[in-house]
Amino acid sequence: MNAASEDYLKAVYHFSQKSEFVRSADIAAFLGVTKPSVHHAMEVLQEAGLVIKPLYGEISLTEEGHRFAEVVVCKHNLLKKLLISLQVDEETAEQDACRMEHIVSDETLSHLLYHFRGGQC
């Protein structure tokens, strides 16, 4: 999965924490993209089995999509925490964590988890 798809999945996850169903318009506003871009991204994520998107309905995560999104969010949060612990200002840490979360390996994630969270996200 590419970085853009992970960002869309993370946005769906973000809104799904507030409501079971997510609207395309909310994702578009959140990511600063157009509704057609969201529509295309949801088609890709649906083909990957990560979201359910009826033709004109609201979006929801599949179980696999929820698990995948949790890993991406975990990576983001741990990387941000690491950067802040290195005295990087919070805004820069947020931006850098967004870019770094897409390339961190599972091995690095497990070490970050051990170091910062005692093995849990």
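Predicted model: local features only at pLDDT ≥ 70, side-chain atom pairs only at ≥ 80, totals over all residues.
Met42 touches Tyr8, Val12, Ile27, Val51, Lys53 and Ile59, leaving out residues up to four places away in sequence.

Ser5 is found in helix H1. Is Ser5 buried or exposed? Ser5 has a relative accessible area of 12%, so it is buried. The cut-off for buried is under 20%. Which residues does Ser5 contact, leaving aside neighbours within four places in sequence? The answer is Val44 and Leu45.

Now the aromatics. How many aromatic pairs does the structure hold? One. The partners are Phe15 and Phe30. Their ring centres are 5.3 Å apart, and their planes are at 75 degrees. Why is the pair edge-to-face? Because planes over 60 degrees apart count as edge-to-face, and these are at 75 degrees. Phe15 lies in helix H1 and Phe30 in helix H2, so the pair ties together parts that are 15 residues apart in sequence. How do the two partners stand on accessibility? Phe15 counts as buried, at 17% relative accessibility. Phe30 is partly exposed, with a relative accessible area of 45%.

Phe30 brings us to the pocket. Phe30 is one of the residues that line the largest pocket. This pocket has a volume of about 200 Å³. From H1 to H5, who contributes? Helices H1 (3–16), H2 (24–31), H4 (63–85) and H5 (90–100) each supply at least two lining residues. The largest share comes from H1, with four residues. What is the lining made of? Five residues are nonpolar, three are polar and three are charged. Here is the list: Asp7, Lys10, Ala11, His14, Phe30, Leu31, Val73, His76, Asn77, Glu94 and Cys98.

Take Val73 from that list. Val73 sits in helix H4. Val73 counts as buried, at 18% relative accessibility. Leaving aside neighbours within four places in sequence, Val73 is in contact with Lys10 and Tyr13. Lys10 also lines the pocket. So does Asp7. Val73 and Asp7 are 66 residues apart along the chain, and their C-alpha atoms are separated by 9.7 Å.

At 5% relative accessibility, Val72 counts as buried. How far apart are Val72 and Lys10, in sequence and in space? They are 62 residues apart in sequence and 7.1 Å apart in space, C-alpha to C-alpha. Val72 touches Lys10, along with Glu6 and Glu101, not counting residues up to four places away in sequence.

Follow H4 out and you come to a loop. Gln87 is found in the loop between H4 and H5. Gln87 is exposed, with a relative accessible area of 70%. The cut-off for exposed is over 50%.

Asp96 has its place in helix H5. Is Asp96 buried or partly exposed? Asp96 counts as partly exposed, at 22% relative accessibility. Asp96 and Lys80 are 16 residues apart along the chain. Their C-alpha atoms are separated by 7.6 Å.

Find the edge-to-face pair of Phe15 and Phe30. Then find the largest pocket, where H1 supplies four of the lining residues.

Definitions and conventions: Residues numbered from 1 in each chain as written. Heavy atoms only, no water. 1 Å grid on protein atoms, 1.4 Å probe; cavity = no way out; pocket = protein on both sides within 12 Å on 5 of 7 lines; lining within 4 Å. Points joined across faces, edges and corners; volume = space filled by probe spheres on them. Nonpolar A, V, L, I, M, F, W, Y, C, P; charged D, E, K, R; others polar. Contact = heavy atoms within 4.5 Å. Phe/Tyr/Trp six-rings, centres within 6.5 Å; stacked < 30°, edge-to-face > 60°. Buried < 20%, exposed > 50% of the residue type's maximum accessible area, 1.4 Å probe, protein only.
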